[in-house]
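Hello,

Here is the structure I promised to pass on. Please open it and keep it in view while you read the notes below.

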Amino acid sequence: MLREGMFIAERYEILERIGSGGMSDVYKAKCHKLNRYVAIKVLKPEYSEDKTFVSKFRAEAQAAAGLMHANIVNVYDVGEENGIYYIVMELVEGITLKKYIEKKGVLGVREAVSIAIQVAQGIDAAHKHNIVHRDIKPQNIIISKEGKVKVTDFGIARAASSNTINSSVMGSVHYISPEQARGGYSDEKSDIYSFGITLYEMLTGKVPFEGDTTVSIALQHIQDEIVSPRQYVPEIPVSVEKIVLKCTQKRTERRYQNMTDLIADLKRSLVTPDEDFVTIGAPLASDAPTKLITPDEVNEIAEKSSAVKAENIEATPIGEVNKKNSLGEAAEEDDIDEDGDDDNLDDIDGDDEELDEDEADNKKTIDKVITILAISIAVAIVAILVILITKIAKNFGSGSSGKKNDPTTSVEDTSDKVKVPDVLGKTLEEAKKTLNEEGLGFEYEYGYSKEDDVDKVYDTNPEIGSFVDKNTTITVYISKGVKTVDMVNVIGKTQNEAEEAIIKAELKYTFQYVETTDDSLIGKVESTDPAAGTKVNVGTQVTVVLYKGKNEVNIKMPDLSNKSESDAKKELEDLGFDINNVSVEYTYDDEIKEGNVITQNGPKVGEETPSTTKIGLVVSLGKPIIPDIVGKTKAEAEELLAKYSLKLGKVTEKNDDKVEAGKIISINGYSVNDSVNIGTAIDVVISIGAKEPETTTPAPVVIPSVTQTINLDTIAAKVNSDCDAEAEVELTFSVHYTNNDGNKASVEAGTPAKYDNISKVTGSYLFTTQIKDAKAGDAYIVVTIKYTKADGSSATATSDNIPVVIG
């Protein structure tokens, strides 16, 4: 903990601690170089020695430092001094949106929409910098004393790219998107979902889903229809209702695809609130403190949701903003929510912890995906080389015609590409520097490797040596070391049972034999080396000792690879093996001829083994052929292709008046029964039905608008001296402007604002209105105060001209 009065970087004087979060403390400080107050987030001592936490802390600063916007809390500086890692940020004095909602209960529609527009503008600025917040919620939104709305805590935001797989669930569970709750891919549309939940809470005073546990709430986000906010507040206009419902669709493609479109609809709802202009698909149709979702609960959610299909997520016052409630008082008792977290600190810090690195199931899945992709890429490269050689040969010889349906292949021009440099064995910082020098972006994930190379790079995606576009983000995989497992207990199990258990434990095996006169033990495990329960590295070869019959002859296991099935069986039989113990399974293979052995399971080649040993042969079906998928739905095609070790590729939609919508019209590049490599992606054209007549929608009429924050304290000062302190006060607003004819004009706008007494006229007031005949340009607002004097007589006063711009 830092002490009051100490300096950081010889410029930041620590004044007081104003809060504490999951992995950092926040202090109010004064920058003596620029003579301003700032907030400083400092990594807690217990984490400063942890390289992972330090890297996360730095990544947070780098992500946030690139964001400069009026509706975002700005990051000024980042550094390290004597083992103290810190971020210097804008100190915002105000109140969180969460506290503001708690104060007011339910916000008026126009007030909620006006706040929402400013929030959306901040998020939009981040998205345009390829940064996804991933934790949008009222606690991370501050309303300043001046009425400015700012989004804060980009602490868990990460630069987003289209090929990022994010297995970490971030975000508070009341506001989390369905895809985040599943632990899957999240992008800008995840922020849009959380934004929709936040707008829902502003309009109704409650979040849509409640539950006793984080798991039950997260499952509701995945499975349950959201209750329309109009059921709680019937006064909500249809346009705002539809905006909320579109933001909170379960399927990302049904939501707004970007914040720009969302902002346009929010602004339009201020002009024509009762117009039903928001287009969405069929809608997927209480006040407990925000709960955070933990890694263990993520696993429980995954288990419980595994059976769920993927397709089944005039003038407006800001109000009485408490000028004395600043971020500098975030640690006061009334700013601590029930779970002990600091709301205002969430605004700056909110260090929602990502899932532990040892989430084995998710990591295995990602590793398998990467492995399959790598194999597919390698196969594709070989195929391209074969086709090129064939074409060259045709140019010099008579050349017979090739298959008419083979796609044309060309060599990619790599002159404008960047080669991914070799960063294997480098540290995280070394890898980042090397990639940046080549003009490439950088992000990292931790995982287990085959070598004991902790904190070193063991793999990349895209792979080293491949050519990519400049500025491509390269994912670097940092080693946590070799994964260890407990040696499984297979004593007394049969050979097949032992093999299955050992393979499942990610270990290899070899067999040895010991004689027995007990026929009931023959073929079962006598012992293992190492013994059950011993810690071993993944991939270690263990020795399994099996019982064999007394005087039973051992036979040397032959190499049967690439031999025909019949020849392999005959050879085993001739050697003395019991052919009844030989099993065969069939699979596709790009290299091995149809009918030949790909591999053999059981004893290793050259190993001495009893004649009764069980032997498994894997026999090739040859290259897969493309099944007839024309006329089938996308799901049916994917299922059928998978049986042939193929996958569905690019899907192109096309109008067709003969083929039913949703069914495949044709295959691109190949024909049915063509022979292709395993894993080939088959591109198809799918019908979207007959083309409908085109209709044109008239562009919406844009009405000039005025938005201005008015300082009520300045207004009140005009009448404080002779005003009856207990009498009601009314404010009216007039806008003085130039109309479309070039003449000066004025109009009273908005609804008069009434206050119980003059003491209530304080803080900020957000004024917004539309004027149909106004010409864009400079204008001014005059506020008229109607009040009662101390002697009981009525009186009025006017403010100074308040400059505004009509746009």
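How much accessible surface does the protein chain have, and what share of it belongs to carbon and sulfur atoms? The accessible surface is about 39,600 Å². Carbon and sulfur atoms account for 48% of that. Bear in mind that this is a predicted model.

Now the overall make-up. The protein chain has 807 residues, and 46% of them count as buried. It holds 17 helices and 36 strands.

Next, a helix pair. Helix 6 covers residues 188-204, and helix 9 covers residues 259-271. Their axes lie 11 Å apart, and the packing angle is about 25°. Angles under 35 degrees count as roughly parallel, so helix 6 and helix 9 are roughly parallel to each other. The crossing of helix 6 past helix 9 is right-handed.

Which residues meet there? Helix 6 brings Ile 192, Phe 195 and Leu 199. Helix 9 brings Met 259, Leu 262 and Leu 266. The contact is made up of 6 nonpolar residues, with no polar and no charged ones.

Last, a lysine to look at. Lys 44 sits in the loop between strand 4 (36-43) and helix 1 (45-48). Is Lys 44 buried or exposed? Its relative accessible area is 15%. Buried means under 20%, so Lys 44 is buried. Val 26 is 18 residues away from Lys 44 along the chain. The C-alpha atoms of Lys 44 and Val 26 are 9.9 Å apart.

Best wishes

Key. Residues are numbered from 1 along each chain as its sequence is written. This is a predicted model: local features need pLDDT of at least 70, side-chain atom pairs count only at pLDDT 80 or more; totals for chains, interfaces and linings use all residues. Side-chain values use heavy atoms; hydrogens and water are left out. Helices (H or I, at least four residues) and strands (E, at least two) are DSSP runs, numbered from the N terminus. Buried means under 20% relative accessible area, exposed over 50%, partly exposed in between (1.4 Å probe, protein chains only). Accessible areas come from the Shrake-Rupley method with a 1.4 Å probe; for residues, only the protein chains shown count as cover. Axes are lines fitted to C-alpha atoms, for helices over the stretch in contact, and angles run from 0 to 180 degrees between N-to-C directions. Angles under 35 degrees count as roughly parallel, over 145 as roughly antiparallel, 65 to 115 as roughly perpendicular and the rest as oblique. A crossing is left-handed if the near helix is turned anticlockwise from the far one by less than a right angle, and right-handed if clockwise. Contact means heavy atoms within 4.5 Å. Ala, Val, Leu, Ile, Met, Phe, Trp, Tyr, Cys and Pro count as nonpolar, Asp, Glu, Lys and Arg as charged, and the others, Gly among them, as polar.
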